[in-house]
Amino acid sequence: CPFALFSFGWRVAPFGPEEAYSHDDAYEMERLCAEYGIRGSDVVFCASVRLSELALPVLVNLLRNVPDSQILFWTGFGEMPIREASVRSIRAALAAAGLLDRIGFDVQLCKTATQHAQSHVVDMSFFCSRWVRWVCCVNRPHRPQSGECQPLVDGSCSPAAHQPTKAAFVGLESV
């Protein structure tokens, strides 16, 4: 498939330890592309729109550091629709960074007043949860971040815990 792109994203949970993309998450994506010689023009990063709103500078840097890459912002199946204001704020931030032509949206937008109210509550819960955790847990030791919000299995048993080898990507260019 000569026009196939790689789609790279992060696993997310509604209330994970960070609830936003971190500089470490973005760095790992950059490292993956550099290590395996994946051109930015062959990559689409997929990011949750709600988590992205909390970390736009991180994603702007990711797009700048992986030239010609793109980001697709999404809402998940069954996830509460988002407000049009969320799309506008993301578009404005990426336009100000000169990156508007490198983003896309696959989102459900609110259509009713009830959906708008529910979406606002969900958005506020992301914001408030993050700040409450920061205030309450500021003195707790932080465990090393693995890039996963909430691992599904013990890392020692997980195939995801093992770094892929360069051989895993050999030959993909011709697929």
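A salt bridge is a side-chain nitrogen of Lys or Arg within 4 Å of a carboxyl oxygen of Asp or Glu. Keep that in mind for the first stop.

Before you click, two notes on the model. It is a predicted one, where local features need pLDDT of at least 70, side-chain atom pairs count only at pLDDT 80 or more, and totals for chains, interfaces and linings use all residues. Residues are numbered from 1 along each chain as its sequence is written, and side-chain values use heavy atoms, with hydrogens and water left out.

**Stop 1: Asp42 and Arg39**

Select Asp42 and Arg39. These two form a salt bridge, and their closest N and O atoms sit 2.8 Å apart. Asp42 has 18%, so it is buried, while Arg39 has 53% and counts as exposed. The structure holds 4 salt bridges, so let's go and see others.

**Stop 2: along helix α1**

Now select Glu28, Arg31 and Glu35, which a network of salt bridges links together. Helices (H or I, at least four residues) and strands (E, at least two) are DSSP runs, numbered from the N terminus. Arg31 pairs with Glu28, with 2.9 Å between the closest N and O atoms; both lie in α1, 3 residues apart, or about one turn of the helix. Arg31 also meets Glu35 at 2.4 Å, N to O. Those two are 4 residues apart in α1, so about one helical turn separates them. Arg31 is partly exposed at 23%, and so is Glu35 at 36%.

**Stop 3: the core**

Time to head inside. In soluble globular proteins, nonpolar side chains tend to be buried together. A nonpolar core is a set of buried Ala, Val, Leu, Ile, Met, Phe, Trp, Tyr and Cys residues joined through side-chain atoms within 4.5 Å. The largest one here has 31 residues; pick out Phe8, Phe45, Leu59, Leu62, Phe73 and Leu94, which have the most contacts inside it. Which helix or strand gives the most to this core? That's α3, with 6 residues.

**Stop 4**

Select Leu56, Val58, Leu59, Val60, Leu62 and Leu63, the buried residues of α3. What covers them includes α1, β2, α2, β3, α4 and β4 (103-106). Finish on Phe45. Setting aside neighbours within four places in sequence, Phe45 is in contact (heavy atoms within 4.5 Å) with residues including Phe8, Met29, Cys33 and Leu62.

Methods: Buried < 20%, exposed > 50% of the residue type's maximum accessible area, 1.4 Å probe, protein only.
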